[in-house]
Amino acid sequence: MATLDSKIPSGPLAEKWRKHKTEIKLVNPANKRKYEVIVVGAGLAGSSAASSLADLGYKVKCFVFHDSPRRAHSIAAQGGINAAKNYQNDGDSVHRLFYDTLKGGDYRAREANVHRLAEVSVNIIDQCVAQGVPFAREYGGLLANRSFGGAQVSRTFYARGQTGQQLLLGAYSALSRMVGAGAVDLHTNSEMLDLVVVGGQAKGVIIRNLVTGEISRHSADAVILATGGYGNVFNLSTYARGSNTTAIWRAYKRGACMANPCYTQIHPTCIPVSGDYQSKLTLMSESLRNDGRIWAPKKAGDTRAPAAIPESERDYYLERLYPSFGNLAPRDIASRAAKRICDEGRGVGSTGLGVYLDFADAIHRLGEPAVRERYGNLFDIYHEITAESAYKAPMRIYPAVHYTMGGLWVDYNLMSNIPGLFVLGEANFSDHGANRLGASALMQGLADGYFVIPYTIGDYLAGQKPGSRPASDAPEFQQAEADVRGQTTRFLATKGNLPVSHFHKKLGKIMWDRCGMARTKAGLEAALQEIPALREEFNASVNVPGSADTLNQSLEKAGRVADFLDLGELMCRDALTREESCGGHFREEHQFADGECKRDDEKFGHVAAWEYQGEGKTPVRNTEALNYEFTKMSLRNYK
Amino acid sequence: MVAASTLKTFSVTLRVWRQAGPAATGAFVDYPAKDISPDMSFLEMLDVVNDELSAQGIEPIAFAHDCREGICGTCSCTINGKPHGPGKGVATCQTYMRSFSDADTIVVEPFRARAFPVVKDLVTDRSAFDKIQQSGGFITARAGSAPDANALPIPKGDADLAMDAAQCIGCGACVAACKNASAMLFVSAKVGHLGLLPQGQAERDRRVLAMVNTMDTLGFGSCTNQYECSAACPKLISHDFIARMNRDYLTASLRSAFKPAPANTGGGAA
């Protein structure tokens, strides 16, 4: 059994981080250059970590599977980033941001981590502005804010509908500066295919160059994974097509615990599925809910055009069910409400899987130009995909997979249970509990990279002798490389008759039906039969054309889908074991009469961290109790 | 889920550039694309064709893509001679098959430019853009040393104009559209974005000189002011930023010519 020591510092909640920073070990400036740190991934968390560590003087090697670090999927975040600046004078504070985030996560995150996140949120905005991120401003030149779900203050900073892009380009520019200065050794088109553990500590990675096929070994004093989330296990999601679980999954297979893998975020406002060929779903930012009103017909099977349905026959169900938060109810709650409406036969569009997001009132109140200025690019995206104008008719939206709160288990220092392996951003499990609030992912990625890891990695490295990292021809490296080569050879040799995409689609369907917005014991048990059967079919009949020594996108996908097959099974196992409903994890057996989540704090007020036991063996479920010292786990109420 | 069959589908011929590797000789090859739904994206159509090629034992067409929502800048096809295809202000991934008609022959090639060598089929190496960024496309701001974000008010107009430039997705369509394969729109967007902001003033001269010089050494051509670049830009970035950069470059050159070079740019050694 793995030991899961959260290493939460003692003392009052608001003092923990400050106290911890003054107590953890430091590495002196002249010694920093003797340590080499590997950073895998260059989204918000990876770029900010790599550039900050290089700025401190560490030798940094950064690996990204994209052709440029600027392509990471953080770039697609639309709406904004939260920070407890209280620039609006509307009563915000670090404590409120902490509380909203903890409550938003349905009391399944650690208090101390979430409080730290709220504390450093203010530094993130300062840092980004200093880098030249062009946040929206008011005429007086000061920063503007908007509102997001699960909050009753305006604390979200934004750059039109492209906040993630601007923040990532800020972090990318910081990373570029360090690459230009020779302080970061950047490897693009480089996918991590294994973690190398030597003497129980993470000491390197195995990398495949996606263009040449070359496999290489890289040794280091510490390894940071900032490789994002695993929502593509569902095939259809708002993730980029390349987003995958491979880096964290291979680390899991080397002993890192996977925490709460079943916590998945289904975002309520995405463009509905249109056909079987579809490769991805597109998000319509939560910011639209500042001005858009969500509704469905009151009557089931009402096929009239939206304009033909009179006010009295419309159900603005979020406003009706959650009057204090209205259309800005948190994502998990808004998604389930949409699903219930569609299950009642009140869904709209040709598929019946959609509800309306209507801007008529906002256009009437503010005028079309003002709406265009706020949301123009989102309306454009909607038009490109559906060939419909949201200025004239309401958008049709439906929930889609958007984020994964689960990830590799980390302690307060963001170190996994494998010493020397740190996990940042969406790849870890730490801050969002069972449901992430909007505009919090960007906050967490940058908090981890700019303001947490620069402190906490020193505490680990100070205990490592400079120059003690293993040679890259150590037996552990040779073994890991042989394993990677073995897998590649197996894929190419299978020569079956079905493309990788066939299996990804099938897995996605199982996951969406059995482990999506609503989960049942019977469904999850069925999935635990179906997925292994699909894996067998994959191993026997996948077709991976081409060779290993060139750009081979089928080969890349095969490796990723193989890992998704394993991960999907673990997600179902986790969802089956967690006999409660919380946040994004909704077990139909555990709900109140009004359909709200029924948590079981007594039995499940803990983190489930799964530990790999070997091929074909049932993993071990470790737990870390969530000890709330300062907050009461209460019933989440947005009514 | 709607059945694709309820929509009117059609068929096209794809004339695709196939090239096995950087050193190989490439050629156009025709493939049929059948039962295409008008609601498919261009890349989803390529997915369908690729699955069929796989089934026939033909290696699928390599193409660059990732976010499929027009923001990551990975996708990069020249479609019927136009970078990112027929639409205005969209990337390849935001091009939908409803832009084409039954029995069309659609010519698909990689972005062509000396500075963007072909890696395979439709995939090119655009690392030259990263090198330009690394030479100066940043504001030096170490984490931990920033003043309060509202300490420096920025007029809304300046911030909005900076944002117009900052939207660049780094796809390279501007280069592919230019007969000289010039990177002026790309470079000027970054120079303009950072140069418009008060935070960007300290390194303004250095930035424009370094980025333009790097661009010149990487094999991009010169700008002859025909603005094919902004017409092809998926974010519709204006060529006005090129004029702005030319002015910045000139003033920075003059200032650096008449200013003694600092003795040591590496910081204090004491």
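How many of the 18 residues of α6(A) are buried? I counted a residue as buried if 20 or more other C-beta atoms, placed from the backbone, lie within 10 Å of its own, as exposed at 12 or fewer, and as partly exposed in between. The count for α6(A) is 18 of the 18, so this helix is largely enclosed by the rest of the structure.

Notes on the source. I am working from a predicted model, where local features need pLDDT of at least 70 and side-chain atom pairs count only at pLDDT 80 or more, while totals for chains, interfaces and linings use all residues. Residues are numbered from 1 along each chain as its sequence is written, and chains are lettered from A and ligands numbered from 1 in the order in which they are written.

Helix α6, chain A. I took helices (H or I, at least four residues) and strands (E, at least two) as DSSP runs, numbered from the N terminus. Residues 163-180 form α6(A), which reaches 25 Å from first C-alpha to last, close to the expected 26 Å (1.5 Å times one less than its number of residues). Just after α6(A), I found G182(A) with a positive phi of about 80 degrees.

Strand β11, chain A. I looked up residues 264-270 and found seven of seven buried. β11(A) runs antiparallel to β15(A), residues 395-404, with five bridges joining them; strands pair if DSSP finds at least two bridges between them. Q265(A) has Y403(A) as its bridge partner in β15(A).

Domains, chain B. I noted domain 1 (9-120) and domain 2 (126-258), with bounds from an automatic or database domain assignment. Their centres, over C-alpha atoms, are 30 Å apart.
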